[in-house]
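Please read it alongside the sequence and the model.

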Amino acid sequence: MLDEIKALRSQIPEPPTVAAGKLVRGIGLTLEAVGCQLPVGSQCLVQTIDGAIEAEVVGFAENITYLMPTEAVRGIVPGSRVQPLNREQGLPVGMELLGRVVDGNGVPLDGLGPIKTEKRVPFTRPAMNPLIRKPITTPLDVGVRAINAMITVGSGQRMGLFAGSGVGKSVLLGMMTRGTVADVVVVGLVGERGREVKEFIHDILGDEERQKSVVVAAPADTSPLMRLKGCETAVSIAEYFRDQGMNVLLLIDSLTRYAMAQREIALAVGEPPATKGYPPSVFARLPALVERAGNGAENQGSITAFYTVLTEGDDLQDPIADSARAILDGHIVLSRRLAESGHYPAIDIEASISRVMPMVVSDEHLQGSRRIRQVYSTYQQNRDLISIGAYNKGTDPRIDLSIAAEPAINAFLQQGMKQVIPYDESLEAMVKLATGLGPG
């Protein structure tokens, strides 16, 4: 019997022994260690005079291992011990996540105790074969009339919300959270103000929405590593629910903060800057993150994703905005001019587009939205002439029509912050307005 036990024990592979190392340098956000050969992405503990802090391996050069702490750096001294962290790898997922608030590592932040799940998934997964994805064929009701009627979103689409600071991105996200018909809502609040996390949960998410939502929070005062993992954790959770056959609404606020976090990490480990200070790895990680959303295979659900993109100085040619616009399935642009005039939501329908709209709406819907857009655009192009009285009525019938229709179109595009307008009602109002404008 003893011999059989020994034989069985010999078949069990020995776990790899990883030696502890020590810190030799700490500068800025990066710690450098020697003596520990850990793969990139693995976790470790750095012993300091104030206790242990967690860090992750983000790179190496010869015998130097670069570490990025997941929390504030404090109490480190030369020679601080770096100990590999042996714990179960992966992100805990399950129905137990619904109604909870977690950080970038999946650790609860809401004080409701540990999340006991039996399944774990990797923080990042291989890209899905695009040929096995279901096509986008069904419109998604987001509860916002201007989007339902003019920039119709399909179930499984990936949209960008482009705007400068203080124009109403977070408010519009909240409106869509309340109005969208989805089985599960996953919200990633990454790199934004910490005050907004509690406000979003208590004020924007109602009790009913909260029970089917998961919030991943990594505010601006967390480390760039946690901000980076916050986005990836939110996407991983959404992927899990999609694999269970559910239709998921994924909201990431914001994609720009994700790119900035990757820039901080890449520059700290020595990657050279490229476009406006952004290293090449930023533009490689953006599509890798975005492409994980979308429809699944035939037996799976879908992830309809909205990513907010902060445009610096309202410049849509900003490198991150330009890159995001190229890889997303459409973009909704919020106008500061409209917001300052009290027009909410401040959606600029001239600059916004949904690339899948022709595939999910009827010809009547498409023609009606196009007619409203034409009349609206005519007014905007001549707005300065009209406002200073330089246009003489009767000179151009198209401009006359746009002046007469401008109050009705503006009223159609505006909506109360807590008002939910269903898709059918939005379509009915759009057809009625377009009919009154006559043929294009």
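## Surroundings of Ser213

Leaving aside residues up to four places away in sequence, Ser213 touches Leu97, Leu98, Gly99, Arg100, Val185 and Leu205, where contact means heavy atoms within 4.5 Å. Ser213 belongs to strand 14, residues 213-218; helices (H or I, at least four residues) and strands (E, at least two) are DSSP runs, numbered from the N terminus. With a relative accessibility of 2%, Ser213 counts as buried, the classes being buried under 20% relative accessible area, exposed over 50% and partly exposed in between, for a 1.4 Å probe and protein chains only.

This is a predicted model, in which local features need pLDDT of at least 70 and side-chain atom pairs count only at pLDDT 80 or more, whereas totals for chains, interfaces and linings use all residues. Residues are numbered from 1 along each chain as its sequence is written, and side-chain values use heavy atoms, with hydrogens and water left out.

## Aromatic pairs

The structure holds two aromatic pairs. Rings of Phe, Tyr and Trp (its six-membered ring) pair if their centres lie within 6.5 Å, and planes under 30 degrees apart count as stacked, over 60 as edge-to-face and the rest as tilted.

| Pair | Centre to centre | Angle of planes | Class |
|---|---|---|---|
| Tyr240 and Phe241 | 5.3 Å | 70° | edge-to-face |
| Tyr278 and Phe283 | 6.2 Å | 70° | edge-to-face |

Tyr240 is buried at 11% relative accessibility, and Phe241 is buried at 0%. In the other pair, Tyr278 is buried at 2%, while Phe283, at 25%, counts as partly exposed. Arg263 lies over the face of Tyr278, 4.2 Å from the ring centre; a charge sits over a ring if NZ of Lys or CZ of Arg is within 6 Å of the ring centre and within 35 degrees of the ring normal.

## Helices 14 and 15

Helix 14 (residues 397-413) packs with helix 15 (residues 423-436) at an angle of about 170°, their axes being 11 Å apart. Helix 14 is therefore roughly antiparallel to helix 15, a term for angles over 145 degrees. In this contact, Ala408, Ile409 and Phe412 of helix 14 meet Ser426, Ala429, Met430 and Leu433 of helix 15.

## Overall fold

The secondary structure of the protein comes to 15 helices and 19 strands, and the C-alpha atoms fill a box of roughly 100 × 50 × 40 Å along the principal axes. Of the 440 residues, 53% count as buried.

Note on methods: Axes are lines fitted to C-alpha atoms, for helices over the stretch in contact, and angles run from 0 to 180 degrees between N-to-C directions. Angles under 35 degrees count as roughly parallel, over 145 as roughly antiparallel, 65 to 115 as roughly perpendicular and the rest as oblique.
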